[in-house]
Amino acid sequence: MRVSKEQAAKNREHILETASRLLRERGIAGVGVDALAEAAGMTHGSLYSQFGSKERLVEEAVAHAIKAKGQELPEAFALEDYVSQYLSPGHRDDAAAGCPFAALACEVSRQGSGLRTRFTAGVRGTIALLSSRMASTLKPRQREDKALAAAASMVGALVLARAVDDPKLSDDILRATRNSLAG
């Protein structure tokens with residue numbers, strides 16, 4: 001039975017949404033094609049007909065997650081509000097809907113060039129976005145350096161806060177990093 005182009009596009013979007021959540025929740029190594037197909041309610045064949053390989057699906061799902069997170073931001077936002085939300089217990093506790101950088105950065109360095117290229121483009125876009133919210137009294141290079149440091153601090157803090165098994169330490173990591181970035 002042939003699927004219409006419209007239905008194929010809907011299926012593709014559903015697969016990308018599902019895969020991007022599952023990858024952020026379980027990691028790239030923790031998700032096989034079986035789990036991806038089951039979570040999306042699709043067959044292996046439909047996944048492979050859409051993407052050709054798990055590697056290609058992962059590339060597109062990660063790019064989808066990065067783009068979707070960027071679209072969640074309002075047109076105008078205060079950097080302090082962004083940092084506060086990013087370094088919140090709610091964000092820490094919901095990896096599946098959270099930042100793809102914090103969820104996947106440790107694995108991306110071991111992946112193919114296609115995924116690393118898309119991930120790098122996402123990081124560059126985030127740096128540019130954060131830089132655009134820095135004080136206009138700073139020179140462009142200063143804004144970029146502060147944005148790089150802020151992104152690295154936020155992602156690193158979220159990774160550590162998720163990794164430790166001490167709830168107080170986890171909260172302290174988030175709080176201390178928020179305070180450091182506010183000052």
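Let me start in the middle of the protein: the largest nonpolar core has 46 residues, and the members that touch the most others in it are Leu57, Val62 and Tyr86. The biggest contribution to this core is eight residues, from helix 9, residues 140–163. By nonpolar core I mean a set of buried Ala, Val, Leu, Ile, Met, Phe, Trp, Tyr and Cys residues joined through side-chain atoms within 4.5 Å. Buried is under 20% relative accessible area, exposed is over 50%, and partly exposed is in between, with a 1.4 Å probe and protein chains only. Helices (H or I, at least four residues) and strands (E, at least two) are DSSP runs, numbered from the N terminus.

Some housekeeping, friends. This is a predicted model, where local features need pLDDT of at least 70 and side-chain atom pairs count only at pLDDT 80 or more, while totals for chains, interfaces and linings use all residues. Residues are numbered from 1 along each chain as its sequence is written, and side-chain values use heavy atoms, with hydrogens and water left out.

Now the overall picture. Of its 183 residues, 38% count as buried. Taking contacts (heavy atoms within 4.5 Å) with a separation of 6 or more, 66% are between residues 24 or more positions apart.

Back to helix 9. This helix has 24 residues and reaches 34 Å from first C-alpha to last, close to the 34 Å expected at 1.5 Å a residue; the expected span is 1.5 Å times one less than the number of residues. Which residues of helix 9 are buried? They are Arg143, Ala147, Ala150, Ala151, Met154, Val155, Ala157, Leu158 and Ala161.

Let me zoom in on Leu158, in helix 9. Leu158 counts as buried because its relative accessible area is 0%. Setting aside residues up to four places away in sequence, Leu158 touches Tyr86, Leu87, His91, Arg92, Cys99, Ala102 and Leu174. Leu158 and Arg92 are 66 residues apart in sequence, yet 6.3 Å apart C-alpha to C-alpha. Tyr86, with neighbours within four places left out, is in contact with His91, Cys99, Ala102, Met154, Val155 and Leu158.

Asp145 also lies in helix 9. Buried or exposed, or something in between? Asp145 counts as partly exposed because its relative accessibility is 37%. From Asp145 to Ile127 is 18 residues in sequence and 9.0 Å in space, C-alpha to C-alpha.

Ile127 takes us to helix 8, where the buried residues are Leu115, Phe119, Gly122, Thr126, Ile127, Leu130 and Ser131. Helix 8 has 20 residues and reaches 28 Å, close to the 28 Å expected. Helix 4, helix 5, helix 7 and helix 9 are among what covers its buried residues.

On to helix 4, the place of Ile66 and Glu60. Ile66 is buried, because its relative accessibility is 14%. Beyond four places in sequence, Ile66 is in contact with Pro100, Phe101, Arg118, Phe119 and Gly122.

Searching the whole structure finds one cavity of 30 Å³ or more. A cavity here is a set of points on a 1 Å grid over the protein atoms alone, where a 1.4 Å probe fits but cannot get out; lining residues have an atom within 4 Å of a point. Points are joined across faces, edges and corners, and the volume is the space filled by probe spheres set on them.

How much space lies in the largest cavity? About 30 Å³. Its lining is Val33, Leu47, Tyr48, Phe51, Ser53, Lys54 and Leu57. Helix 3 (44–51) and helix 4 (54–71) each supply at least two lining residues, and the largest share, three residues, is from helix 3. Thanks, everyone!

Notes:
1 Å grid on protein atoms, 1.4 Å probe; cavity = no way out; pocket = protein on both sides within 12 Å on 5 of 7 lines; lining within 4 Å.
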